Structure formats: structure tokens, C-alpha cells
Amino acid sequence: MAKKTNGGNAALQINIGISEKDRAAIAGGLSRLLADTYTLYLTTHNFHWNVTGPMFNTLHAMFMAQYTELWAAVDPIAERIRSLGHPAPGSYGQFGKLSSLKDAPATPPKALEMVRILVEGHEAVARTARGIFPLADKAGDEPTADLLTQRLTVHEQTAWMLRSLLED
């Protein structure tokens, strides 16, 4: 077995049938997906805490279901990055640099503006996930493609449900 010396510690090289270059590119994309997912999680949780108005009960419960799902999603994304042999980002500073989403507004917006912001957030995360597909496909990385398919299903469906609340 091939060994790689890393700071004096011998470690096995990763040999899963995906080149280091492709693993690095996919891990970079997944790091952006992780940052987007965590940012959307935090915004959704913020809105759960701060929503007011006639739709309070409905939105409070809906936002809780959404942030719970997002919280459960970050671990599989981070673990896929690790499986590819790269460190997963895990600080607010890293997430801020990697995320395509804006931070939650400092002053909580009105309920329907929260919904609009979350629609945009889910659509942005879907775009990030979709952008990783060509990398995973080229490398024959089926586990990443499966993860991306699962995330796309959730984000597209959630965006549709939230968008429906904005119709007259």
C-alpha cells in the first residue's frame, strides 16, 4: 500500500478511484454547499425565533421543520468532504467566505419578507448543489451525486412551498 508522509506521520494515501485533483475540486464545491446550507440553517432558525404577525403559528412551525432538516443535512455534507480526504470548513469566518448567501438581516423583516428571503436562499443552495454535478459526474463520484440529488430535491421543494405562500 502506498504511504504518504505527513508531518512525520505515515498515512495511507486515498485510493478510491477518484484522482486527487477531482477529489479536491469536488470537496471545494461541497465546502461551498456546506457553507450555504449552514448559512440558510442559521437564517431559518433566526426567522423561527423572530417571526411575528397573523401567520405566526404557521410560519413558526414551518421554519422549525425547515431548520431541523437543514441542521441534519450539514453532517452528511461535511462527512462526504472528509471521505474525499479534505478538511470540512467549520467556522463562521470560513462559511462567510464560502457562502453565496447573504447573512440574515440584523433587524428581523416582516413575515412575508422572511419567506421571500428563504425562497431565494433555497434557490441559491440548489444552484450551488447543481453546479457540483459536472465535477462529480466527470469523476464517477456516485456518492456525491446521490447526496446532491437528495439536497436538490429538498431545496427545490422547499422553495416551491415557500413561494406558494407569496401568491395572492
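Biologist: Which residues of α1 and α5 meet in this predicted model?

Modeller: In α1, Ile26, Leu30, Leu33 and Leu40 meet Thr144, Leu147, Leu148, Arg151 and His155 of α5. By class, this contact has six nonpolar, two polar and one charged residues.

Biologist: How are two packed helices described?

Modeller: They are described by the angle between their axes and the distance between the axes. For helix α1 (residues 20-50) and helix α5 (residues 142-165), the axes come within 13 Å and cross at roughly 25 degrees.

Biologist: Why is α1 called roughly parallel to α5?

Modeller: Angles under 35 degrees count as roughly parallel. The crossing angle is roughly 25 degrees, so α1 is roughly parallel to α5. The crossing in which α1 passes α5 is left-handed.

Biologist: Where is Ser99 placed?

Modeller: Ser99 lies in the loop between α3 (92-98) and α4 (111-139).

Biologist: What makes the pairing of the Ser99 and Asp36 side chains a polar contact?

Modeller: The cut-off for a pair of N or O atoms is within 3.5 Å, with one able to donate a hydrogen and the other to accept it. The side chains of Ser99 and Asp36 make such a contact at 2.9 Å. The Ser99 side chain also reaches the backbone nitrogen of Leu101 at 3.0 Å.

Biologist: Which residues does Ser99 touch, not counting those up to four places away in sequence?

Modeller: Ser99 touches Ala35, Asp36 and Thr39.

Methods
Residues are numbered from 1 along each chain as its sequence is written. This is a predicted model: local features need pLDDT of at least 70, side-chain atom pairs count only at pLDDT 80 or more; totals for chains, interfaces and linings use all residues. Side-chain values use heavy atoms; hydrogens and water are left out. Helices (H or I, at least four residues) and strands (E, at least two) are DSSP runs, numbered from the N terminus. Contact means heavy atoms within 4.5 Å. Axes are lines fitted to C-alpha atoms, for helices over the stretch in contact, and angles run from 0 to 180 degrees between N-to-C directions. Angles under 35 degrees count as roughly parallel, over 145 as roughly antiparallel, 65 to 115 as roughly perpendicular and the rest as oblique. A crossing is left-handed if the near helix is turned anticlockwise from the far one by less than a right angle, and right-handed if clockwise. Ala, Val, Leu, Ile, Met, Phe, Trp, Tyr, Cys and Pro count as nonpolar, Asp, Glu, Lys and Arg as charged, and the others, Gly among them, as polar.
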